[in-house]
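Subject: Structure handover

Hello,

The structure we discussed is below. My notes on pockets, a helix face and charged pairs follow it.

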Amino acid sequence: SANTVVPNEYGTWYVENGKVDFSYYGLGTNDYGTWYIENGEVNFEINGLAQCGDGWYLFKDGAVQTETTTLAQNAYGWWYVKNGQVDFSANTVVPNEYGTWYVENGEVDFSYHGLGTNEYGTWYIENGEVNFGVNGLAQRGDGWYLFENGAVQTKTTTLAQNAYGLWYVNNGKVDFTANTVFQNSEDGWYIKNGEVDFTYHGLGTNEKGIWYIERGKVNFGINGLAQCGDGEYYFKNGQVQQVTTLVEKANALWYVNNGKVDTTYNGTIKYNGVIYTVINGQAYSQGTAIMGDSDVTAEQMAAYYNARATYPEFYQNSDAPDIVTFCQIYIEECKAEGVNPEVAFCQAMLETGFLKFGGQVDISQYNFAGIGAVDGGASGASFPDVRTGIRAQVQHLKAYASEEALNQDCVDPRFN
């Protein structure tokens, strides 16, 4: 039952079922290897590639080189030999002493231009050979790729530049479908169809959030309410804060719904423990009465003012030469009529833009509540000094909030 290869003094022979088979052509195997058999005898003259039995093999002195994986040449081309046999199913990239080559169906394809892959990576192939000199972005096959020493950087997601622009590379390949915001350690960029769009101004979105984009780049310096794209949004470090809250801008509170000012909203919202009425997106406090006492000091009111504005030089020669005196007059006049000084002071700051004026009423009028400055451009009432102007405002507030008589002479021309 033996099938083997056996030597004697006349040669080395193929034995099948215990008998030398002088008609046999093919491969034969014994403990020393696999051999080229011709007319039942090992042909030790066979070297290089030769067809035998069901395939092509690499021989040396008649023995198949079963421990060799390489490229070998014959009259038909260069072939990929794996464990001594040509592997016609191989599609890979293989090195030899002459270079690193693209193999298709077992043969080196010297006409091939494209990408080739082996266990070490994906490579830039030119005329069948890996071009290790390719670096940066290059077109190959069905797209553009980022190369380093001829290898696609398949583990790299970054931005890379070529003569056509700055591109978003995802796992080594330019992703022309990408519409996102790419962030690296320092910057963020708006990507449209795979390319940084330096002309874009608006909002950009990625998996981390929504961002303020200016000239294609995230502006991390944007904070508070800012106009962007189709509306006004609430930002912190350039990112939309997707919360529902009230946010201050230009001395007013605005209703922010999921990060965006909602000017269509009318209703109420509780903010910092106070209930506010919202009208067309702007919030007004419900919880503070016009009439009432307060323990606020002139110094506290002055600190509030100084954090937002600089006291005008215009008042230096008036009866309120500094902001503390100005605030003290509010406390005194409000106490005289029972009006809450915090309400009166804040109304004045809102009406005058923290004493900057600039509207229908001039600073020289000492009119801190716009009394008489009605629609049509009228400049409103004028008063001789700070105290009289504050007294008129306080009396005007009392007229709206109380039916009680004034405790001081009436200076408000619209009290009745």
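How many salt bridges does the count come to? Taking a salt bridge as a side-chain nitrogen of Lys or Arg within 4 Å of a carboxyl oxygen of Asp or Glu, the count is eight.

Before the details, the conventions. This is a predicted model, in which local features need pLDDT of at least 70 and side-chain atom pairs count only at pLDDT 80 or more, while totals for chains, interfaces and linings use all residues. Residues are numbered from 1 along each chain as its sequence is written, and side-chain values use heavy atoms, with hydrogens and water left out.

Salt bridges

Helices (H or I, at least four residues) and strands (E, at least two) are DSSP runs, numbered from the N terminus. Buried stands for under 20% relative accessible area, exposed for over 50%, and partly exposed for what is in between (1.4 Å probe, protein chains only).

The side chains of Glu332 and Arg387 form a salt bridge at 2.8 Å, N to O. This pair links distant parts of the chain, with Glu332 in helix 2 and Arg387 in helix 4, 55 residues apart. Glu332 is partly exposed at 35% relative accessibility, and Arg387 is partly exposed at 27%.

Lys398 and Glu337 also meet through their side chains, at 2.8 Å, N to O. Here Lys398 is in helix 4 and Glu337 in helix 2, 61 residues apart. Both Lys398 and Glu337 are buried. Salt bridges with shared partners join Glu332, Glu333, Arg387 and Arg391 into one network.

A further salt bridge pairs Lys173 with Asp142 (3.5 Å, N to O). Lys173 belongs to strand 24 (residues 173-174), and Asp142 to the loop between strand 19 (136-140) and strand 20 (143-148), 31 residues away. Lys173 is partly exposed, at 29%, whereas Asp142 is exposed, at 63%.

Pockets

The search used a 1 Å grid over the protein atoms alone; a pocket is an open set of points where a 1.4 Å probe fits, with protein on both sides within 12 Å along at least five of seven lines, and lining residues have an atom within 4 Å of a point. A volume is the space filled by probe spheres set on the points, which are joined across faces, edges and corners.

The largest pocket has a volume of about 1,100 Å³. It is lined by 28 residues, of which Ser285, Tyr304, Glu342, Cys346 and Gln347 are the closest to its centre. Helix 3 (341-352) gives the most to this lining, with eight residues. By class the lining has 18 nonpolar, six polar and four charged residues, where Ala, Val, Leu, Ile, Met, Phe, Trp, Tyr, Cys and Pro count as nonpolar, Asp, Glu, Lys and Arg as charged, and the others, Gly among them, as polar.

The second largest pocket holds about 190 Å³. Its lining residues include Gln347, Glu351, His396, Tyr400 and Arg414. Helix 4 (386-401) gives the most to this lining, with three residues. The lining divides into five nonpolar, four polar and two charged residues.

Helix 1

Ala298, Met301, Ala302 and Tyr305 are buried in helix 1. Seen down the helix axis, these buried residues fall within an arc of 100°, so they line one face of helix 1; the arc is that of the directions from the axis to the C-beta atoms. Helix 2 (323-337) and helix 3 are among what covers them, where contact means heavy atoms within 4.5 Å.

Regards
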